[in-house]
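Got a minute to go through some labels and the cut-offs behind them? Have a look at this one first.

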Amino acid sequence: MTSQGSPNDILTTNPYESHPSLTPLEASVLWEYAKLAHNVRMVTQKTRLLNEEPDKAMLAKLRVLEKKMGLVLTLFKASVWGVINEQPDPSIHNQSYSDSNDMTIRH
């Protein structure tokens, strides 16, 4: 490659355009490759930044969600406990049960 002023120049000017050994098609292909390589380097750099630093906004949102889910779980447990406590005690019903209406055939 020829010398470059800044990495973003590769996106706007073709450094291979005036090379005497290259045809215009070869210069164009090399330029497209250079732009692709630049974009791949940028994606790699951004990916490394995302992997190294946790997303603080996402962590804050997840923390709020975690607190809400804890509250929902507590309320769910309390409501289940309330439903269980509202059910009549089965031992009370067993004492007043009579066999007179039982039509079950027993062998």
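Predicted model: local features only at pLDDT ≥ 70, side-chain atom pairs only at ≥ 80, totals over all residues.

Residues are numbered from 1 along each chain as its sequence is written, and side-chain values use heavy atoms, leaving out hydrogens and water.

Q: How do you know that the span of helix H2 agrees with its 29 residues?
A: The expected span is 1.5 Å times one less than the number of residues. For H2 (residues 24-52) that should be 42 Å, and the end C-alpha atoms are 42 Å apart, so the two agree.

Q: Why is Lys-35 called buried?
A: Its relative accessibility is 17%, and buried means under 20% relative accessible area, with exposed over 50% and partly exposed in between (1.4 Å probe, protein chains only). So Lys-35 counts as buried. Glu-32, at 43%, is partly exposed.

Q: What makes Lys-35 and Glu-32 a salt bridge?
A: Their side chains meet at 3.0 Å, N to O, and the rule asks for a side-chain nitrogen of Lys or Arg within 4 Å of a carboxyl oxygen of Asp or Glu. They are three residues apart in H2, so about one helical turn separates them.

Q: How do you know that Glu-66 and Arg-63 form a salt bridge too?
A: Their N to O distance is 2.7 Å, which is within the 4 Å limit. Both lie in helix H3, three residues apart.

Q: Which residues make the largest nonpolar core?
A: Ile-10, Tyr-16, Ala-27, Trp-31 and Ala-34. H2 gives the most to this core, with three residues. A nonpolar core is a set of buried Ala, Val, Leu, Ile, Met, Phe, Trp, Tyr and Cys residues joined through side-chain atoms within 4.5 Å.

Q: Why is Leu-59 called partly exposed?
A: Its relative accessibility is 43%, which falls between the 20% and 50% limits, so Leu-59 counts as partly exposed. Leu-59 sits in helix H3 (residues 56-86).

Conventions. Helix = DSSP H or I, 4+ residues; strand = E, 2+ residues; numbered from the N terminus.
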